[in-house]
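Dear colleague,

Please find below the structure that I am handing over to you.

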Amino acid sequence: MKTNNLSILLKRLTSPPGLSGYEESIAREVEALWKPLVDHLSRNRLGSVLGFRAGSGESPRPCLMMVAHQDAIGLMVSGIKEGFLRLTEIGGVDQRILPGQLVQVHGKRTLPAVVVQPPPFLLPPEAQEGSVPLSYLWADTGLEEKEVRRWIQIGDPVSFNRNYVELGSDVVCSPSLDNRASLCALTLCLQELQARKHAWDIWAVASTQEEETLGGAATSAFQVQPDLAVVIDVTHASGPGSPAHKTYPLGKGITLGWGPTVHPKLYEVFKELAEKLEIPFKMEAMPRYSGTDADRLQTIAEGIPTMVISIPLRYMHTPVEMVSKKDIQRAARLLAEFAASLEIDFMVKIQWDETPKP
Amino acid sequence: MKELLKTLVEIPAPSGYESQVRNQIREWIEPLVDEMRVDSLGNLVAVRKQTDAPRLMLVAHMDEIGLMVTHVDQQGFARFVALGGVMPIHCVGGRVRFLNGVQGVIGVEKNPTSSEIPPLEKMFIDVGASSAEDCPIRIGDVAVFDRSFVDLGKRVVSKAMDDRVGVAVLIEALRRIEKSAFEMYYVFSVQEEVGVRGATVAAFGVEPDLGLAIDVTATGDTPKGHRMEVRLGKGPAIKIRDAGMLADPRVIQWMVQTAERARIPYQREILEFGGTDARAIQLSRSGVPAGVLSIPCRYVHAPSEMVDMEDVENAVKLLINLLQTAPNLERPK
Amino acid sequence: MGRNTETLNQPTITPEQIRVLEKLCNAVAVSGNETEVRRLVMDQIKPTVQEMRIDALGNLLAFQKKESRKPLRVMVAAHLDEVGFMLTSEEDKEEGIYRFELVGGIDPRWLAGKPVQVGTERRKGVIGCKAIHLTTAEERRNPFTVEALRVDLGGGGKAKVGDWGTFATPFQKIGGSIRAKALDNRIGVATAIELLKYEYPALDLLVAFTVQEEVGLRGAKVAAHALNPDLAIVLDCTPAYDLPLQVEDSFYPLENERYNTRLGYGAAIYLSDRATISDPRLVAHFVRTAEKMGIAYQFRQAGGGATDAGAIHLQRAGIPSISISVPGRYLHTPASLVRIADWENTLRLVYHALQSLSVDVLQTER
């Protein structure tokens with residue numbers, strides 16, 4: 001896989017805002033990219049993109065669902081006062097990163113704005129010290145109130161300015177790498193599968209609303225009822241201020257999840273494959289929840305054996321997220337290998353135990 | 001509509017124990033629908049059939065917040081926990097009415113070191129008993145706030161506006177509508193206040209194509225109140241988001257266009273806390289596009305909640321109009 | 001409290017059952033890793049069920065009869081998992097010192113200075129803490145946090161990141177009580193095993209030994225979806241905070257009013273917890289049964305906590321549910337305590353309730 005191709009792909013995927021609940025812009029991009037890579041494209045009722053590839057095994061074939069959420073965090077206009085915009089969050093946004101951020105307000109027209117923090121004398125006493133809470137910040141479009149009200153209304157999504165930067169030969173910095181980096185890996189995986197046979201049916205899912213309700217993946221899983229699911233998301237890379245024991249170095253490999261959310265036999269399979277392919281990885285202990293779409297997927301309908309693989313990402317949920325291109329490639333390769341190597345009777349192999357015969 | 005609302009709000013029916021209000025609703029709507037059933041959690045599901053039409057689930061919750069007794073002490077005072085979001089600040093000095101008719105007063109322990117509002121654990125209900133033996137209530141008994149309906153003219157006040165006003169809107173719409181563009185499922189749900197539980201199972205059973213909840217929303221128009229734009233008297237609110245859900249943009253568009261076409265005043269609502277039954281519908285099965293028609297309400301979850309009758313009437317109008325045209329569920333721009 | 005002839009053929013707690021409970025409690029099965037206990041249960045129920053199935057999450061589903069013929073399908077659920085911890089980071093391989101995180105709700109203030117066991121090999125170790133001589137008064141005022149504590153397995157490399165562990169408390173019968181770890185919920189499991197030994201002519205009994213209850217009622221959710229019963233009874237173990245009050249008032253006689261349940265007062269019937277409002281029709285049925293059979297019972301105080309019923313009752317189009325628990329002190333700590341009499345009453349109450357269940361119970365509306 002050429003890194004050039006990856007850069008272009010990643011830039012395309014990080015360009016659309018696609019905030020949770022308003023994923024149309026990224027969904028169209030995903031559909032355009034996946035069209036040549038799948039047999040059938042559709043949308044689930046909550047907007048997730050579903051790409052279906054038929055397997056080569058004998059019918060009835062089991063099916064694998066691979067999920068990467070396409071939505072991104074951002075803000076939303078919650079009020080307009082004297083031409084200034086009040087803001088609320090979509091997904092988890094640390095208000096401390098907001099003062100000075102350049103944003104786009106997606107109203108009847110898309111207008112640029114900057115998020116600003118008022119001077120203390122314009123704030124009530126409880127908001128003067130420490131970091132100013134989101135409900136006291138403003139977005140300033142630079143326009144007069146009349147103009148503002150002409151183009152903007154309550155409920156308009158507000159995204160961080162796009163700013164895709166390559167740092168050195170391997171690292172990319174951009175908003176929305178959570179989770180477009182994973183979407184990139186999933187797309188690369190589909191590209192690789194074009195040249196490979198796979199016995200199982202495969203559903204690639206770009207899910208919606210992960211950052212708010214995990215709803216896009218959960219409802220897609222109910223619709224598809226897969227036999228297995230693999231979730232690709234991002235995890236915390238080590239960096240300034242982050243504890244070493246809870247983070248993973250950038251560019252040194254991906255993580256394989258382990259814990260109640262993950263089926264232990266799936267972990268074993270992924271581990272063996274990674275070792276075989278010489279893909280560096282670490283076990284990511286998830287003692288309770290994974291913090292990904294897997295948390296809802298696992299308990300859909302009669303239960304779905306689930307796996308979580310993650311790409312280390314630094315400065316998560318800020319506009320300056322960073323990932324390693326090598327790590328994206330590693331994730332893509334491991335996914336493709338897993339999908340291609342699934343034997344038609346794999347489900348028997350991951351049974352928890354033999355039950356005694358009557 | 002004031003009479004309808006008055007009757008509804010005064011019935012005691014806390015989460016999990018909604019049968020009294022359900023019986024009243026059933027009596028009113030039975031002649032107006034084709035089919036009615038009560039499901040395993042107690043939801044009342046009423047159907048107006050229509051073939052070749054998308055299935056719309058409308059839901060308003062029957063339950064109100066309440067209290068359950070956990071212990072009666074030797075002197076006859078009862079300790080309690082909340083059923084739903086009962087705020088301590090609204091309990092101090094309040095009156096309650098149990099489902100068995102007993103009435104009581106909420107008292108508070110004194111706190112010598114702080115003047116902050118104490119938590120519910122430091123409160124108790126006094127029904128005027130002198131011992132555990134002669135106390136007419138016991139562990140497990142449930143109660144609601146005891147405040148009657150007050151007509152202030154343009155505005156009305158009562159406990160349980162949340163969500164009896166939604167129930168009233170649904171009933172009124174049922175009474176006035178003759179035809180609609182949908183197969184209609186009117187659901188009067190249970191246990192919304194403890195986690196949208198009724199709607200969760202009702203949605204699974206109904207399998208709608210589209211879902212709309214009718215519930216109250218808070219307002220930002222009281223002194224140093226919530227920091228939000230919705231105001232009493234400015235029309236029903238079209239929910240954009242709350243803490244539980246992002247309303248489907250196609251549903252929002254449908255609601256906005258309908259309101260503008262019918263010249264009904266409306267507000268765009270963002271609520272930074274709380275959730276509604278619509279969330280349960282949205283996440284049901286393979287997903288359902290969902291939204292909320294909100295009725296602005298001051299002092300939500302207090303014993304005296306206030307709504308504006310014009311907002312209520314406009315909500316009914318908007319709902320009736322919405323039922324005339326199905327939304328375009330093609331992808332948005 | 002008259003006993004009638006129906007009670008003659010009822011379950012009792014025998015030394016054999018206590019031995020089974022001992023095996024169950026001493027086994028290690030933290031949420032996500034229930035294999036050991038699941039195997040013990042399979043072994044125990046083999047002679048009493050016609051079919052067993054393990055689903056995608058690891059739930060053990062047991063069917064008394066292969067073919068379902070009765071008009072009433074009743075699901076009984078008991079969770080297999082216990083609370084514990086997982087090793088999350090190796091701090092010193094040679095010394096065998098690990099960071100860990102809790103699995104399930106454990107109050108960290110009970111952890112310091114306790115023996116633990118880790119991994120499928122049950123490596124013995126401890127959660128230690130600095131000697132008191134090396135602490136200051138200031139330090140001792142602050143509780144230990146999980147971040148500050150470590151699991152110490154002694155000389156290196158015997159465990160790895162991802163291993164599960166739990167307390168190493170051995171099971172012990174003390175007079176009319178039992179002290180062990182994981183009574184929540186091995187006592188519920190033992191009760192379900194016992195119930196499967198009897199016949200229930202009017203219903204189909206489906207027993208789900210569920211996984212991952214302590215991390216979000218996960219197993220029960222999918223088990224209920226698959227079984228889709230007419231109603232569900234959840235067997236669990238619930239806290240008893242019936243210790244002496246240590247607050248006094250010379251004007252008003254204070255009582256312990258937040259005991260949740262009390263040891264010695266019988267089977268605990270749930271009215272409402274954080275996740276479920278029990279179906280009142282089932283509550284009425286259990287109360288009637290207890291009164292008729294002269295079985296000691298109490299109401300668990302409403303408020304916090306959750307059982308598998310929280311997930312079960314919201315599955316599909318709704319499943320009327322109730323939870324019945326054995327009261328236990330010090331649950332989710334190294335050593336829990338139950339009274340054998342309470343266990344026996346719980347077992348008997350559920351047995352008789354099952355015997356007298358019929359479709360009539362759900363005829364009235366909720």
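A residue is called buried here when its relative accessible area is under 20%, computed with a 1.4 Å probe on the protein chains only. Please bear in mind throughout that this is a predicted model.

With that cut-off, helix H2 of chain B, residues 19-29, has the following buried residues: Val21(B), Arg22(B), Gln24(B), Ile25(B), Arg26(B), Trp28(B) and Ile29(B). In an α-helix there are 3.6 residues a turn, so residues three or four places apart point the same way. The partners of the buried residues of H2(B) lie in chain B: they pack against helix H1 (2-9), helix H3 (161-176), and the strands E1 (35-38), E2 (44-48) and E12 (183-189).

Turning to chain C, its secondary structure consists of eight helices and 17 strands. The C-alpha trace of chain C spans about 65 × 60 × 40 Å along its principal axes. The radius of gyration of chain C is 21 Å, which agrees with the value near 21 Å that a compact globule of 366 residues would have. Of these 366 residues, 59% count as buried. When contacts in chain C between residues at least 6 apart in sequence are considered, 76% of them join residues at least 24 apart.

The interface of chain C and chain A was also examined. Here 38 residues of chain C are in contact with 28 residues of chain A. The two chains bury about 2,700 Å² between them, and 58% of this is on carbon and sulfur atoms. On the side of chain C, the residues that lose the most area to chain A are Ala56(C), Leu57(C) and Arg218(C), which together account for 19% of what that side buries.

Glu101(C) forms a salt bridge with Arg288(A), with the closest N and O atoms 3.2 Å apart.

Several elements of chain C give two or more residues to the side that touches chain A: helix H2 (35-45), strand E1 (51-54), strand E4 (84-92), strand E5 (97-103) and helix H5 (218-227). H5(C) gives the most, with five residues. By class, this side of chain C has 14 nonpolar, 12 polar and 12 charged residues.

Yours sincerely

Key: Residues numbered from 1 in each chain as written. Chains lettered and ligands numbered in written order. Predicted model: local features only at pLDDT ≥ 70, side-chain atom pairs only at ≥ 80, totals over all residues. Heavy atoms only, no water. Contact = heavy atoms within 4.5 Å. Buried area = accessible area lost by both parts, 1.4 Å probe. Salt bridge = Lys/Arg side-chain N within 4 Å of Asp/Glu carboxyl O. Helix = DSSP H or I, 4+ residues; strand = E, 2+ residues; numbered from the N terminus. Nonpolar A, V, L, I, M, F, W, Y, C, P; charged D, E, K, R; others polar. Rg over C-alpha atoms; globule rule 2.2 N^0.38 Å. Buried < 20%, exposed > 50% of the residue type's maximum accessible area, 1.4 Å probe, protein only.
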